[in-house]
Amino acid sequence: MESELIVHEGGCHCGKIKWRVKASRNVVAWSCNCTDCSMRGNVHFIVPSSNFELLDDSKDFITTYTFGTHTAKHTFCKICGITSFYIPRSNPDGVAVTVKCVKPGTLDHVEIKSYDGRNWEMSHKETGISSFSKK
């Protein structure tokens, strides 16, 4: 993966939530089979929280769902219901950005890896996912 960071923009379906994220043009994204991600079909890449910026009044349209350990903060738009980003349990110091919510034109390549969220502890050790939220 290249190390040069560029700005990607994205948000939810209705446009009430907008954000910018600094990441490479080529990202590693995770397809997780936990109960939440598998139901939503979520595929996301992870960045350090300092590389993510909510824009305008987006925070006014966000609501959060938690379950289990309550470490993950599953955010979604109060209007359209789309989860365009969230704080993952695997990387509470980072942000998971939904690949399909990034505006077209800035991502050149998305390598998709599997994360076994149903066997979370084992997968967390084996995948090295926690390193993706580090600078």
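I count two strands as paired if DSSP finds at least two bridges between them. Helices (H or I, at least four residues) and strands (E, at least two) are taken as DSSP runs, numbered from the N terminus.

I am working on a predicted model, in which local features need pLDDT of at least 70, side-chain atom pairs count only at pLDDT 80 or more, and totals for chains, interfaces and linings use all residues. Residues are numbered from 1 along each chain as its sequence is written, and side-chain values use heavy atoms, with hydrogens and water left out.

**Sheet.** I looked up the strand order and found an open sheet of 5 strands, E8-E9-E4-E3-E10, with mixed pairing. Strand E8 (85-86) and strand E10 (109-115) are the edges, each pairing on one side only. E8 runs antiparallel to E9 over 2 bridges. Tyr86 has Ala96 in E9 as its bridge partner. Helix H2 (residues 120-127) packs on the sheet and touches E3 and E10. I read an angle of about 135° between the directions of H2 and E10; axes are lines fitted to C-alpha atoms, for helices over the stretch in contact, and angles run from 0 to 180 degrees between N-to-C directions.

**Cores.** I use "nonpolar core" for a set of buried Ala, Val, Leu, Ile, Met, Phe, Trp, Tyr and Cys residues joined through side-chain atoms within 4.5 Å. Buried means under 20% relative accessible area, exposed over 50%, partly exposed in between (1.4 Å probe, protein chains only). The largest core holds 19 residues, and Ile17, Trp19, Phe45, Phe52 and Val97 have the most contacts inside it. Strands E2 (18-23), E3 (26-32), E4 (43-48) and E9 (94-98) each supply at least two of its residues. E2 gives the largest share, 3 residues. A second, separate core has 11 residues, among them Trp30, Cys34, Cys37 and Tyr115.

**Val97.** I listed its contacts (heavy atoms within 4.5 Å). Beyond neighbours within four places in sequence, Val97 meets Trp19, Val21, Val43, His44, Phe45, Phe52, Ser84, Phe85 and Val102.

**Pro48.** This residue lies in strand E4. I note Pro48 as buried because its relative accessible area is 9%. Not counting residues up to four places away in sequence, Pro48 touches Asp93, Gly94, Phe132, Ser133, Lys134 and Lys135. Its C-alpha atom is 9.5 Å from that of Val21, 27 residues apart along the chain.

**Record.** I checked UniProt, where an unreviewed entry annotates residues 8-121 as "domain: CENP-V/GFA". Over residues 8-121 I read 7% helix and 42% strand, with the end C-alpha atoms 31 Å apart.

Methods. UniProt positions are given in the numbering used here, feature names are shortened, and annotations may be inferred rather than shown by experiment.
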